[in-house]
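Trainee: I would like to learn how to read a structure like this one, feature by feature. Could you take me through it, giving the general idea before each case?

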Amino acid sequence: MRLLTGFSLFCAAGCMTTTGDLRTITSTPAGALVKIEGFGECETPCTIKLDGARNVTVAKAGYKAQRFAVKPGRENVNVILELAAPTDEVSSETLPELD
């Protein structure tokens, strides 16, 4: 477990906790990088505890990055990633730049 000021990233899949205001971020496909503005990163699926609204970027190699705001709460967030270039040859090694 990694604790950051005003924000927590809890262990990924299978982690259980009873603390309130947790948001689980998942992606289709799984294994995307989640970057939370000013606080850190995790890989989907991951559970986060927010102290306020934060901008989030979800990215995976070969897919378009998605950016959105997340507020504290208990709702789960599932991000469906779209292929960057529909083709049979998608690089699984190179991650897109995260601003």
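Mentor: Let us begin with the nonpolar core, meaning a set of buried Ala, Val, Leu, Ile, Met, Phe, Trp, Tyr and Cys residues joined through side-chain atoms within 4.5 Å; buried means under 20% relative accessible area, exposed means over 50%, and partly exposed lies in between, with a 1.4 Å probe and protein chains only. The largest such core here has 15 residues, and those with the most contacts inside it are V34, I36, C42, I48, V56 and V58. At least two residues of this core come from each of β4 (33-36), β6 (46-49), β7 (54-59) and β9 (77-80), where strands (E, at least two residues) and helices (H or I, at least four) are DSSP runs numbered from the N terminus. Please keep in mind that this is a predicted model, in which local features need pLDDT of at least 70 and side-chain atom pairs count only at pLDDT 80 or more, whereas totals for chains, interfaces and linings use all residues. Residues are numbered from 1 along each chain as its sequence is written, and side-chain values use heavy atoms, with hydrogens and water left out.

Trainee: How many helices and strands are there in the protein chain?

Mentor: The protein chain has zero helices and nine strands, and buried residues account for 32% of its 99 residues. As for contacts, which are heavy atoms within 4.5 Å, 53% of those between residues at least 6 apart in sequence join residues at least 24 apart.

Trainee: Which residues is V56 in contact with, leaving aside its neighbours within four places in sequence?

Mentor: V56, which lies in strand β7, is in contact with V34, K35, I36, Q66, R67, F68 and V70 once those neighbours are set aside. With a relative accessible area of 1%, V56 is buried.

Trainee: How should I read the salt bridges, and how many does the structure hold?

Mentor: Side chains of opposite charge can pair when their charged atoms come close. The criterion for a salt bridge is a side-chain nitrogen of Lys or Arg within 4 Å of a carboxyl oxygen of Asp or Glu, and the structure holds three of them. In one, the side chains of R23 and E75 meet at 3.9 Å, N to O. Because R23 lies in strand β3 (residues 22-28) and E75 in the loop between β8 (66-70) and β9, this pair ties together parts that are 52 residues apart in sequence. R23 counts as buried, at 9% relative accessibility.

Trainee: Where do K64 and E82 lie, and what of the pair formed by R54 and D51?

Mentor: The side chains of K64 and E82 meet in a salt bridge at 3.3 Å, N to O. K64 lies in the loop between β7 and β8 and E82 in the segment after β9, so the pair ties together parts that are 18 residues apart in sequence. K64 is partly exposed, with a relative accessible area of 40%, and E82 is also partly exposed, at 47%. The side chains of R54 and D51 meet at 2.7 Å, N to O, and D51 counts as partly exposed at 45% relative accessibility.

Trainee: With which side chain does the side chain of T47 make a polar contact?

Mentor: A polar contact is a pair of N or O atoms within 3.5 Å; within protein, one must be able to donate a hydrogen and the other to accept it, and residues adjacent in sequence count only if both atoms are side-chain atoms. The partner of T47 is the side chain of T24, at 3.2 Å. T47 lies in strand β6 and is buried, with a relative accessible area of 11%.
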